[in-house]
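The points may be read in order, with the model at hand.

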Amino acid sequence: MDAKLVNPFVDALVTVMPQMGFAVPKRANISVCSQTTKSLGVSVIVGFTKVLRGNVVYNMTEETAKFIASTMMMGMPVAEFDDMAQSAISEMSNMLTANAATNLAAMGMEVDISTPSLSIGADFQIKISNDTYLVVEMDLGGHIMELDIAVR
Amino acid sequence: MEKIRIMIVDDSRVSCAMLTDILNKTNFVVCGTARNAAEAVERYQELCPAAVTMDMNLPDADGIECSRRLRAIDPEAKIVMISAMRDASLIMKGREAGISSFLQKPVSENELLDTLLVLCHDRAGTISVLRESYVKTFVKVLRKSLFSLVGVHSKVELEVDADDYLEVDGVAVIIGLTGYPMGRAIVYMDQATMMKFSRVLLNQEEAELDETDASDAVEEAANIIVGRGVSKINDVFKDKEMRITPPGTICGVKIRIANSKLTSFRITASTQLGDICMNLGFAEGE
């Protein structure tokens, strides 16, 4: 897959996260993978289709998910990764992917995005492509969020 | 009948008065108004309205920023933007902020009422529309496809899935639905069923099959089943182009897939290979 397609997703994070009270996220690491990804604990899949078809996974530990949910809710403490916190993470994934879709549209590649699906578990694998996909680790105020991006 | 409570965010007294006038004649009631974003945040928490009408220009922030703040407090907040401009970039930005609908000033009475009605549509009505128009198609397609793919007869049951989570021990194939209605389909089954299903599908009943091959086979089958369902729906509703995203497949034990905030249905096909389930979740108010 084309590496330049990573930028719309990374740019979405850089644009959207500070609007929700986070420090500007930094790109920590990028790699090309094939096969499956191991979930870090909380994984949200958002699919897209139209000019491009693919999936993006926002993959993070439960600790990171709680940190993000708390920051989104104006610093409200999040002890349990409960319904409200899960809803915040789904909403964030939706906002990030919608922003990435806007960025893709600006590159002439219009996409429609699906409803996010949030999965939780200590031990599961995710497969989003039969081919290679890109993994970008983003540093979000010391917490790592992994983005898996597959476009076909 | 209880009135549906609406909050107006607009810095113009005239606009507030006009909107209030339209709404109060109907089944809606204006439960409060806010003149700026800070006031909107405060009053929203206090009033918990069913929906909000949002002006684009506020003294302390724009309507998109204000909507973003409301959605941060309540990710389910239903917001209708009413603005003088209604271009694509505004709509894109607004959608990201969680605004459901966009109306242009001066707003037509019917347009406003229809938009709010759809947005605040009662749940029972939503469920019956989704079940009759969409979900029943998938019930038929699942039964027929299981017969054509793996030659099994199945007893299919359909119910509303009100559980907070889908519990998966085995495999789940998640396929996004775009267009209208927007949502997702998940085809899932336990580990033992996955192995039996894939052996039959790949015609390798004797051979050793590894889990990757098995989950790939389930993924392919799920893609076919959901694709057939969506084509059938598009044949009937010519104006609504539903599309599917590529599958995302998860495998493992004790996986919970969040199911709240969606109107969901569970279709269970009991077969000799085991139970093959499909969850259809639709986003509301989109």
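1. Sequence separation of contacts. The structure is a predicted model. In chain A, counting contacts between residues at least 6 apart in sequence, 68% join residues that are at least 24 apart.

2. Overall form of chain A. The C-alpha atoms of chain A occupy a box of roughly 40 × 35 × 25 Å along the principal axes. A compact globule of 152 residues would have a radius of gyration near 15 Å, and the 14 Å of chain A therefore agrees with that expectation. Of these 152 residues, 48% count as buried.

3. Elements of chain A. Three helices and nine strands make up the secondary structure of chain A. Read from the N terminus, their order is α-β-β-β-β-α-α-β-β-β-β-β.

4. The helix pair of chain A. Helix α2(A), residues 62-72, and helix α3(A), residues 83-106, have axes that come within 9 Å and cross at roughly 85 degrees. The two helices are therefore roughly perpendicular to each other. On the α2(A) side the contact is made by A65(A), K66(A), I68(A), A69(A) and M72(A), and on the α3(A) side by A85(A), A88(A), I89(A) and M92(A). By class, these residues comprise eight nonpolar, no polar and one charged.

5. Strand β9 of chain A. Is strand β9(A), residues 143-151, largely enclosed or exposed? Seven of its nine residues are buried, so β9(A) is largely enclosed by the rest of the structure. Strand β4(A), residues 54-60, runs antiparallel to β9(A) and is joined to it by six bridges; here V56(A) stands opposite I149(A). Strand β8(A), residues 133-140, is also antiparallel to β9(A), with seven bridges, and V135(A) stands opposite D148(A). The strands β8(A) and β9(A) form a hairpin with two residues between them, and G141(A) in this turn has a positive phi of about 55 degrees.

6. The interface between the chains. Contacts link 39 residues of chain A with 37 residues of chain B. Elements of chain A that each supply at least two residues to this side are β3, β4, α3, β5, β6 and β7. The largest share, ten residues, comes from α3(A). The side of chain A that touches chain B divides into 16 nonpolar, 16 polar and seven charged residues.

7. Strand β7(A) pairs with strand β10(B), residues 248-258, in the antiparallel sense over five bridges. Within this pairing, G252(B) is the bridge partner of F124(A).

8. The parallel sheet of chain B. In chain B, five strands form an open sheet in the order β2-β1-β3-β4-β5, with parallel pairing. Its edge strands are β2(B), residues 28-34, and β5(B), residues 101-104, each of which pairs on one side only. On average, neighbouring strands of this sheet are turned by 25 degrees against each other, direction ignored. Strands β3(B), residues 51-55, and β4(B), residues 79-83, pair in the parallel sense over four bridges, and V80(B) is the bridge partner of T53(B).

9. Helices lying on that sheet. Helix α1(B), residues 13-24, lies across β1, β2 and β3 of chain B and runs at about 160 degrees to β2(B). Helix α2(B), residues 37-47, lies across β1, β2 and β3 of chain B, at about 140 degrees to β2(B).

Technical notes
Residues are numbered from 1 along each chain as its sequence is written. Chains are lettered from A and ligands numbered from 1 in the order in which they are written. This is a predicted model: local features need pLDDT of at least 70, side-chain atom pairs count only at pLDDT 80 or more; totals for chains, interfaces and linings use all residues. Axes are lines fitted to C-alpha atoms, for helices over the stretch in contact, and angles run from 0 to 180 degrees between N-to-C directions. Angles under 35 degrees count as roughly parallel, over 145 as roughly antiparallel, 65 to 115 as roughly perpendicular and the rest as oblique. Two residues are in contact if their C-beta atoms, placed from the backbone, lie within 7 Å. Ala, Val, Leu, Ile, Met, Phe, Trp, Tyr, Cys and Pro count as nonpolar, Asp, Glu, Lys and Arg as charged, and the others, Gly among them, as polar. The radius of gyration is taken over C-alpha atoms; the globule rule is 2.2 Å times the number of residues to the power 0.38. A residue is buried if 20 or more other C-beta atoms lie within 10 Å of its own, exposed if 12 or fewer, and partly exposed in between; C-beta atoms are placed from the backbone. Two strands pair if DSSP finds at least two bridges between them.
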